[in-house]
Amino acid sequence: MKRIFQMMILVISISFLALPGICLAEGYTTGEEIEKEEEKKRLKKEANKVIKLKEVVVTATRTEKDVDSAPGSVTVISKEDMKFRDIHTIDDALKYESGIYNARLRGMSAAHHTLVMLNGMPLNTGWRGHVRWENIATENVERIEIIRGPSSALYGGNAMGGVINIITSAPKKFEAKGQVGYGSDDTVRYSFHVGDRFTDKLSLRLGFEFEETDGYSSGLVQRNISSGSGTLTGGYGMLHKSGKRKWVVGDKGDSYEERWNVNLNAVYDLTDTGSLAFDFQMGHREYGLDYPHTYLQNPSGNSAFSGSVDVGNGEKVSVSSSKYITAGIGELETPSYMLTYRESFGSVGFTGKVGYNHEDLWYTTPKAKGSDNYDNAFGYVKKFDSDVWFSDLQTNIPVGDSHILISGFYFRFDDFYGGRFDLSYYRDEHSKITPESDITQGKDRLYAVYLQDEWQIMDKLAIFLGARFDYWETFDGKSDEKSEVVGDEKEFARRDDSAISPKISVVWKPVVDTVIKGSIGRAFRPPSIYELYRNYKRGDGMINSNPDLKPETLWNYEIGVDQYLFNRMLKFSATCFHTDINDLIYYYDIGDDRYKDNAGKARIDGIELEASARPFDWLRNVDEITSATMHHSIRPSLPDLKSQKS
């Protein structure tokens, strides 16, 4: 705690580094200079209005706030930022931001600790909590809001590390755009969107994005070296990461891929203050490995996939055609639909959302042996279907001149089913030859109510007090105890749990262009259907489920400062945080088997540093962003867990 206290003192000190410069700028001026200074202030005020219009966030408090007034560490990635960096996937846009690694916020261990939304609709899958970034459109994105730090007081599970909200907008006039690109490996990319506003009531935008590539060879086929001689030649030696010598005999083939997205946004103004919006996206992805390549030749000079390779010095490598076949083909579809109703009843605002996400995934895996090859190898197909239904009803009620009460009700239902079929040919998902096995299924429901008070104590000081109550239940759980065994399913008993997640945040603006923020909050995440029920074979071992897993919880403490310089063209930010996690779900191995369990405790200590420049009102962060996250974990000793499994 002493180290955390020292870091907090450091962060607070940064906020006052610019104060001497501000003070020195004040001095005696003539009347003409005063007029010039007033004109500069007016221009600065107008410029800042433009900036603030571009950096309004709704995710941090569920109400519109400029970034400086929103609690917590907040970043907005605009469509201009994405265009400047030539961004083609949402997760690619996130890698430039501090405190984010592989789309994970605040050093959390997995993607399911970050809540990802599209216009307020959760995109985390119902069975594992991850996000299919490659299936989300980018051309229709207006901005991406990033809220670092636990946000369960407003958003419940998955928001332990923070929230990422992808926001699109309806057109206000006619707009149309198309792009075409071509790159290496026969990569073709094109997109278009068109939109307009009709009869001053209806706004429509339709978009389509497509990308296809023949890919490149990335997986090498390596074989062990032994004593002897052979008749084949070719390949080359290399040192494996294990320290053993290997011989490369070929590669696994080019990894081809095709993906597209079609999206529609429609907004109809019901009244002067009310509207009904419909959002639709369909993401599609196909992928696989093409014919493998051999680096070997027989004595006639023809390509060879099997035999013994003479590598010199009395050594050889044995290889068969089946060793080149390691992966199959796959397809993923992710349609999503959402209706949003907004209306103001006097000073009371209401927003109601209802939505549905579906994920349909299948992929094949070869079971090649001996002389099996690309054209005839057996295999199997795994199919996964996941459904998510949700609704979110929210009211905003002003109370007096200094309070805004945000209250709401949230519901979510997840349904998952997965199974496996053996195939006569691993590249034909329809060539099923066995009954379904390796079955996993489960459902869960979550009910929640939340309340937050925005209290503007004075112009320079605001406090945000909030809490959320979540009730979670899981049921209809079923899983094979031994993968690949037909009819070996085990049913699991219904379970439930609940949690209260409070949070208090403070925003203080002691002087112009200096903002200090702090918060203390609790968060929780119930275990996913995958963690509770999924068993499957991995090599010679099993990945085991744990239907007795408890929800993860944490307490987070943070303080940060944003300091603007040179007419807000430069911004320096620093945030330090301390997180105590209880019952963290993690994985450990015993022999060839892997298990899931709740850790006793974990701790994350971190500091995020960020420097950004805005030479133009429409462009942010052209310089490098630096960040650092330090973490230390404490968990039960593995021998204790092993003894429980023996």
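For my notes, strands are DSSP runs of E of at least two residues, helices are runs of H or I of at least four, both numbered from the N terminus, and pairing takes at least two DSSP bridges between two strands.

This is a predicted model, with pLDDT of at least 70 needed for local features and 80 or more for side-chain atom pairs, while totals for chains, interfaces and linings use all residues. Residues are numbered from 1 along each chain as its sequence is written, and side-chain values use heavy atoms, leaving out hydrogens and water.

Three residues sit between the strands, and Gly400 has a positive phi near 70 degrees. I then followed β28 to β29, its antiparallel partner over 17 bridges; Tyr410 is bridged to Ala448 in β29.

Next, the open three-stranded sheet: I read the order as β14-β24-β23, paired antiparallel. β14 (226–227) and β23 (307–312) are the edges with a single partner strand each, so one side of each has no neighbour in the sheet. Two bridges join β14 to β24 (residues 315–319), and Ser227 faces Glu315 there.

Last, the cores (buried Ala, Val, Leu, Ile, Met, Phe, Trp, Tyr and Cys joined through side-chain atoms within 4.5 Å; buried is under 20% relative accessible area, 1.4 Å probe, protein chains only). The largest nonpolar core has 28 residues, with Met82 and Trp133 among those with the most contacts inside it. Apart from it I noted another core of 16 residues, including Val221 and Ala304.

Note on methods:
Buried < 20%, exposed > 50% of the residue type's maximum accessible area, 1.4 Å probe, protein only.
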